[in-house]
Amino acid sequence: MASLQVSGMAVSGSSSSCCSHKSLVRASINGPKIRIGPLSLPRISSKDFIEELSIRSGGYGIPITTQMEKGTGPMTSSSDPVVVAKLYAIMEAVADRIEMHKNIGEQRDNWNHLLLSSIHAMTLTAATMCGLAAASASGEPLAGLKVSSTILYLAATGVLAIMNKIQPSQLAEEQRNAARLFKQLHGQIQTLLSVGSPTVCDVNEATENVLALDKAYPLPLLGAMLERYPSSVEPAVWWPQQGRKQAKGLGKKIEGNGWNRELEDEMREIVGVLKRKDKADYLRLSEKALKAHKVLAFSGPLLTGLGALGSAFVGATNPWAVILGVAGGALASVVNAVEHGGQVGMIFEMYRSNAGFFKLMEESIESNINETNVWGRENGQVYEMKVALQLGRSLSDLRNLAASSSLRNIEEDTEEEFGSKLF
């Protein structure tokens, strides 16, 4: 009986605790209501965001078109699929040209080594036969050595004339330059597809660049080969030529897109240094290399021809025939070793290409600073860094170069340094 009472008390206690818990829950539910209003977030300017994207695009001047600018939805990059497909087709063509120029460059470099070795062998063998023919007493050995020496000299003269005409070392340098520039174009198109919103103008520009490179560095030898001995030296040009913009609005305040008046003045000073020092120096070196190139190209076949003439008259009473036949071959070997072993044609092409590189930099800088709309230029900070890297300098070093150039304009006796530290 006691146990029933205890259990009843426990049940009643539990029921009372349950009722008190429910009352607490009901009290919490019936508490004061808190009204949550709409959250106010700061508005983000789409113009500032787009400017930041254009700065991060690597300074390629790629316009980024977004849906927010059009007011049609969230900010997403929009590109015409036909334009993207065309750019991919151009990339495939560029990749094919890279492989072609690389293979042909290796082939023409082999031409230079093989033809030079063959000419050396023929020339030295002919000179040796000429000397042996002169040392022989008389009879058939004399006639056989004379004829063989003359034939070898004539063959060496013909092969050397062809070799001097095509200049395999210069051909190989052209193909190496073409492969490097096509790789650069391939990378630019990849960057455009990765960070930009390509347009039809980008497709046309890429096509013009490909055609300009094809014209500057042709693959065939007959009919399209570049002139080997020009009358005047000009920088190599491998980019589409466009009309230069005239500088306008020089008195206006230039601000925005990373540009200001100080940066414009700095770029103008850099252009002046490149014109006065770097490009002029490489054109001067190109002229010297061209003169040496012409002299060596004329001397080689002349000496082998004289050797053939001397070997034909070996055995006569005149001793000068032997001297001409032997010495002509020896001198011809020396001249050919200097010209083709030293690759004078390749050196001339290298100097001409370096002058073209500085000319391209000049045109690029002038095109940017002559553009009156600063938003139509490449970002100023990125472009300054790109110019500094192309010249092998840091940003502070580039600014010091511009300052020293400006000081030289005031003090004429100040010696000016070259703009590039790479070559």
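Contact here means heavy atoms within 4.5 Å. This is a predicted model, in which local features need pLDDT of at least 70 and side-chain atom pairs count only at pLDDT 80 or more, while totals for chains, interfaces and linings use all residues. Residues are numbered from 1 along each chain as its sequence is written, and side-chain values use heavy atoms, with hydrogens and water left out.

**Whole chain**

Start with a cartoon view. The protein has 12 helices and 0 strands. Along the sequence the pattern reads α-α-α-α-α-α-α-α-α-α-α-α. Helices (H or I, at least four residues) and strands (E, at least two) are DSSP runs, numbered from the N terminus. Of the 423 residues, 38% count as buried. Buried means under 20% relative accessible area, exposed means over 50%, and partly exposed lies in between, with a 1.4 Å probe and protein chains only. Among contacts with a separation of 6 or more, 82% come from residues 24 or more positions apart.

**Stop 1: Asn164**

Select Asn164, in helix H5 (residues 140-166). Asn164 is buried, at a relative accessible area of 4%. Now show its partners. Not counting residues up to four places away in sequence, Asn164 touches Tyr229, Ala297, Pro301, Glu339 and His340.

**Stop 2**

Move to Gln167, in the loop between H5 and helix H6 (168-195). Check its backbone: phi is near 50°, a positive value in a residue other than glycine. Is Gln167 buried or exposed? Gln167 is buried, with a relative accessible area of 0%.

Next, pick Asn257. This residue sits in the loop between helix H7 (200-216) and H8. Asn257 has a positive phi of about 60°, although it is not a glycine. At 5% relative accessibility, Asn257 counts as buried.

**Stop 3: H8 against H9**

Select H8 and helix H9 (residues 320-341). Their axes come within 7 Å and cross at roughly 155°. Axes are lines fitted to C-alpha atoms, for helices over the stretch in contact, and angles run from 0 to 180 degrees between N-to-C directions. H8 and H9 are therefore roughly antiparallel to each other. The classes are these: under 35 degrees is roughly parallel, over 145 roughly antiparallel, 65 to 115 roughly perpendicular, and the rest oblique.

The crossing of H8 and H9 is left-handed. A crossing is left-handed if the near helix is turned anticlockwise from the far one by less than a right angle, and right-handed if clockwise. Show side chains at the contact. On H8, the residues include His293, Leu296, Ala297 and Gly300. On H9, they include Leu324, Gly328, Val335 and Glu339. The contact residues divide into 10 nonpolar, 10 polar and 1 charged. Here Ala, Val, Leu, Ile, Met, Phe, Trp, Tyr, Cys and Pro count as nonpolar, Asp, Glu, Lys and Arg as charged, and the others, Gly among them, as polar.

**Stop 4: H10 against H11**

Select helix H10 (residues 344-369) and helix H11 (residues 380-390), whose axes come within 12 Å and cross at roughly 165°. That makes H10 roughly antiparallel to H11. Their crossing is left-handed. Phe357, Met361, Ser364, Ile365 and Asn368 of H10 meet Tyr383, Val387 and Gln390 of H11. These residues divide into 5 nonpolar, 3 polar and no charged.

Zoom in on Met361, which lies in H10. Met361 is buried, with a relative accessible area of 5%. Leaving aside neighbours within four places in sequence, Met361 is in contact with Leu274, Val387, Gln390 and Leu391. Draw a distance from Met361 to Val387: they are 8.1 Å apart, C-alpha to C-alpha, and 26 residues apart in sequence.

**Stop 5: the cores**

Which members of the largest nonpolar core touch the most others? Of its 25 residues, they are Met267, Ile270, Ile365, Val387, Leu391 and Leu398. A nonpolar core is a set of buried Ala, Val, Leu, Ile, Met, Phe, Trp, Tyr and Cys residues joined through side-chain atoms within 4.5 Å. Helix H8 (261-312), H10, H11 and helix H12 (395-410) each give two or more residues to this core. H8 gives the most, with 10 residues.

Leaving aside neighbours within four places in sequence, its contacts include Ile270, Phe358, Met361 and Leu398. Then jump to a second, separate core of 22 residues, which includes Leu185, Val210, Ala216 and Trp238.
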